[in-house]
Amino acid sequence: MGLTGLFLIGFLVIHVGLNACIFADLPFLNPSDNGEMFNRAAHFMGSTIVTRILELVLFAGFILHIIQGYQLEIQNRKRRGTAYSVGLGNRGSKWYSRSMGLLGTLIFLFLIVHISAFWVPSRITHDLAPVAYGNGVEMHNLYLRMFEVFQSPLIVLLYLVACASLCFHLLHGFQSAFRTMGVHNKKYLTMLKSLGYGFAVVVSVLFALMPIAMHFQWIKPD
Amino acid sequence: MPSATVRAGWCVRFYMEHYNMNLTLKVWRQDNKNAQGRFETYPVKDVSSEMSFLEVIDLLNDRLVKEGGDPIAFDHDCREGICGMCSMYINGRPHGPWHATTTCQLHMRAFKDGDTVVVEPWRAQAFPVIKDLVTDRSAFDRLVQAGGFVSVNTGNAVDGNAIPVNKDNADASFAAASCIACGACVAACKNASASLFLAAKVSHLALLPQGQPERKSRVLSMVAQMDKEGFGSCTFTGACEAVCPKEISITNISRMHKDYLFAGVAADK
């Protein structure tokens, strides 16, 4: 779990960084960007053999993490046997540390919606509006697609729930992954704990701002 | 402003003042390993705040015997917090409400008049209930038998300074060795994992020169035995560390994981 978790954390860095390119279109940054930076970055991710192979590795990482997670959850639930009449609750651990299975399930359900809304039309069906920039290379206008999808308040709400789930999943998962891999130096653990909290909040807030910014049309295609 | 002596006097009176209380105990009763258990409620009167929790069970058992009933079975031995026998889940916490305290060291001033106290046995597949509050914790013995020892010939007792040990390692090893194997970590863990206990035993020896020759084989066989006994996996929720009466650090589990990873790829057999 720790190893696949760390791999997916690495993926999140790339994903959030790439998607944050949509904010280049903010009026106070570059109002004439019109999603160009984001569309170019997304096009790069789908147009080279290396990134396509890495995409397969990513899927394998996700599938492994999900299967391992459910196996662990099912095995561990059996180990308790009879439940306590009065539980320990939050006196011994954080609620999100005990709810990684539930939080992971919420993220998994979101992932199905997310993939069918963006990855499938971009990589499989190719039913996205084309756009070309200066060099004449035609690419999918994913920026426009994002804008269209995020006009639905229900989808925005789903994304916000998923971002909150991701935040709590990472609050525990980040430091737990390093502990699982054997990091036991107290200085490093303290540093990783702070880094983990910061990472969880920054990544989740950035992801959450994307549907919000598009729904309230802080950024929009021209 | 009262003087320091007067203030100290108030503190002593506040914390140590003797008082009697009436309690309601809800205790798990189970006739044997295969029987269906149930809670039974017992009012207990005139409990002294200076009694230990085990003495209250003694008091109740005296009454039950006099009334011709079946006394509550519970584990106990040293009653001074070092043997690890007492094992009660009191009001939703192993060993009761006090931090870093075993059940036998838990005094009734932790409760107030009129309280209802729920007492359950450790709940884990690997610790089946034998009777009432007594669980079979022999799985811990088998974990230690799987490698929690040094089998190399260390010769006669030598001068303490003859084997140099780094002070930090000696302290960490000593802290890990203070584990009394009570099983509170297993009881508190949502996965009923024995990782904290196992990590304490592994770290205790891994940090000392005498433990090095069998370091790899020890961790491999002890972890394999833990899985065989039916304990769950560690997910680092931290509940074990929070309830451990000897304050064993969860960092030991990370050290055990590191040893396990290295041993997995570098073990000789």
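This is a predicted model: local features need pLDDT of at least 70, side-chain atom pairs count only at pLDDT 80 or more; totals for chains, interfaces and linings use all residues.
Residues are numbered from 1 along each chain as its sequence is written, chains are lettered from A and ligands numbered from 1 in the order in which they are written, and side-chain values use heavy atoms, with hydrogens and water left out.

Over all chains, a search of the whole structure finds 18 aromatic pairs, where rings of Phe, Tyr and Trp (its six-membered ring) pair if their centres lie within 6.5 Å, and planes under 30 degrees apart count as stacked, over 60 as edge-to-face and the rest as tilted. Select Phe59(A) and Trp119(A): their ring centres are 5.1 Å apart and their planes are at 70°, so this pair is edge-to-face.

Next, select Trp95(A) and Tyr96(A), which form an edge-to-face pair with 5.9 Å from centre to centre and 80° between the planes. Trp95(A) is partly exposed, at a relative accessible area of 38%, whereas Tyr96(A) is buried, at 9% (buried means under 20% relative accessible area, exposed over 50%, and partly exposed in between, with a 1.4 Å probe and protein chains only).

Then select Phe110(A), Phe118(A), Phe150(A) and Tyr159(A), which ring pairs link into a cluster.

Finally, move to chain B and select Lys26(B), whose charged end sits over the ring of Phe39(B), 5.4 Å from its centre (NZ of Lys or CZ of Arg must be within 6 Å of the ring centre and within 35 degrees of the ring normal). Arg123(B) lies over the face of Trp28(B), at 4.1 Å from the ring centre.
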